[in-house]
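Subject: Handover of the two-chain model

Dear colleague,

I am passing on the structure below, together with notes on what was found in it. Please read the notes alongside the coordinates.

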Amino acid sequence: MCDSCGCSQPENSVTITRVGQARPGPGAAESHHHPPQGQGRLVEVREAVLGKNDGIAAHNRDFFRQRRVVALNLVSSPGSGKTTILERTIRELRGEIPMAVIEGDQQTMLDAERIEATGVPVVQVNTGAGCHLDADMVHQALHQLDLAANSLLFIENVGNLVCPAMFDLGEAAKVVIISVTEGEDKPLKYPAMFDAASLCLINKTDLLPHVDFDVARCREYALRVNHHLEFFEISARTGEGMPGWLDWLRSQI
Amino acid sequence: MHEMSLAINIVELVSEKAQAAGARKVMAIELEVGRLSGLMVEALAFCFEAVARDTLAEGAELLIRELDGLGNCLTCGHAFALDSLLAQCPQCGGYAVETVQGRELKVLSLTIDE
């Protein structure tokens, strides 16, 4: 197909070699690769690729525990209504529970401006080309926030149903949001995120009469991926179903 | 494209270890990649090439050791090979499956030129 562009013969490209399967457990070291004699020296590493991120996430988690802050990492596709859910949630709980927000987006301050209008402290993190927040971005943002004890911290991740699943931020739980204008088969198509989450909000239920979204099927698919998942069906626009979600938040403090 | 972040993490970890070991150059990086880890090896190689430029890891070969997924059915106790996070127990048909292997993502070793 590509005779002209040269993609089949990349210049200076990285060599990938698939070697024999690694075995877990104590015997694994014996299955190590050994360079041919005289061709370099082997240095053992055996460290997780995301070890540095996980270390900073653990530091964030300790900080939250000491301050008694419940941090929730909100993840979803773009346009599921994360910011609208936050605006409504903050309006409903204001005066009852102290709250703060870290907003993650590739560009703009738009979401932070919306949250700021609700009167709670907010820090915007722009990831530039990055497709997800990482633990260090959250750590830096925490230095700009004065979090109250026994409070809620909402971390709104970049709208992306794939990459944020891999990066621990130090949160108490990931909350995955799916809106009824999306396909009910999203949990099957993007299982990693539903697997990583503890709670699922099904948003925009006020639109159910106008779309073909089958809520029961969506729940069934999500439970196939993660049998621990809990659900709330809400409309952040009309407020329908919000009391269940708000009670869940109160129970986390 | 989280492979870009993963490539950056790999190059940082590898550069640190290589420097500590007094390497002039990293010739090979041995990675353990669980089949359920969400990493696409080809996408990683593409990003790695860009990220490793002008570091000790430039030009290093990636040795990939893939680790199969293994699941344990929480309903009937059956242990079986998992090829996705959506697997169903072949014995009882249940979906309550605990992943016991396959999410790993590790740098196992480096081969360095001193």
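How many strands form the open sheet with mixed pairing, and in what order do they stand? The sheet has 5 strands, and its order is S1(A)-S2(B)-S1(B)-S6(B)-S2(A), where strands (E, at least two residues) and helices (H or I, at least four) are DSSP runs numbered from the N terminus, and two strands count as paired if DSSP finds at least two bridges between them. Strand S1 (16–19) and strand S2 (41–48) of chain A each have a single partner strand, so one side of each is left without a neighbour in the sheet. From one strand to the next the twist averages 20 degrees. Within this sheet, strand S1 (residues 25–34) of chain B runs parallel to strand S2 (residues 61–67) of chain B, the two pairing over 7 bridges, and Glu32(B) is placed opposite Arg65(B) in S2(B).

Before the remaining findings, a word on conventions and confidence. This is a predicted model, in which local features need pLDDT of at least 70 and side-chain atom pairs count only at pLDDT 80 or more, while totals for chains, interfaces and linings use all residues. Residues are numbered from 1 along each chain as its sequence is written, chains are lettered from A and ligands numbered from 1 in the order in which they are written, and side-chain values use heavy atoms, with hydrogens and water left out.

The model scores ipTM 0.92 and pTM 0.90. For chain B the mean pLDDT (the predictor's confidence in each residue, from 0 to 100) is 95, with 99% of its residues reaching 70 or more. Chain A averages 91, and 88% of its residues score at least 70; over residues 25–30 of chain A, however, the pLDDT is below 50, and this stretch has 3 contacts in the model beyond near neighbours in sequence, a contact meaning heavy atoms within 4.5 Å.

Chain B also holds an open sheet of 3 strands, in the order S4-S3-S5 and with antiparallel pairing. Its edge strands are strand S4 (79–82) and strand S5 (97–101), each of which pairs on one side only, and the twist averages 40 degrees from one strand to the next. Strand S3 (residues 69–73) of chain B and S5(B) pair in the antiparallel sense over 4 bridges, and Leu70(B) stands opposite Gln101(B) in S5(B).

In chain B, the axes of helix H1 (residues 3–20) and helix H2 (residues 41–52) come within 8 Å and cross at roughly 50 degrees. That makes H1(B) oblique to H2(B) (angles under 35 degrees count as roughly parallel, over 145 as roughly antiparallel, 65 to 115 as roughly perpendicular and the rest as oblique). The residues of this contact divide into 12 nonpolar, no polar and 1 charged, where Ala, Val, Leu, Ile, Met, Phe, Trp, Tyr, Cys and Pro count as nonpolar, Asp, Glu, Lys and Arg as charged, and the others, Gly among them, as polar.

In chain A, helix H2 (residues 82–93) and helix H8 (residues 242–252) pack at an angle of about 70 degrees, with their axes 11 Å apart, which makes H2(A) roughly perpendicular to H8(A). Ile85(A), Arg88(A), Thr89(A), Glu92(A) and Leu93(A) in H2(A) meet Met242(A), Trp245(A), Leu246(A), Leu249(A) and Arg250(A) in H8(A), and these residues divide into 6 nonpolar, 1 polar and 3 charged.

Also in chain A, helix H1 (residues 51–67) and helix H4 (residues 135–142) pack at about 35 degrees with their axes 8 Å apart. The residues of the contact of H1(A) with H4(A) divide into 7 nonpolar, 4 polar and 1 charged.

How values were computed
Axes are lines fitted to C-alpha atoms, for helices over the stretch in contact, and angles run from 0 to 180 degrees between N-to-C directions.
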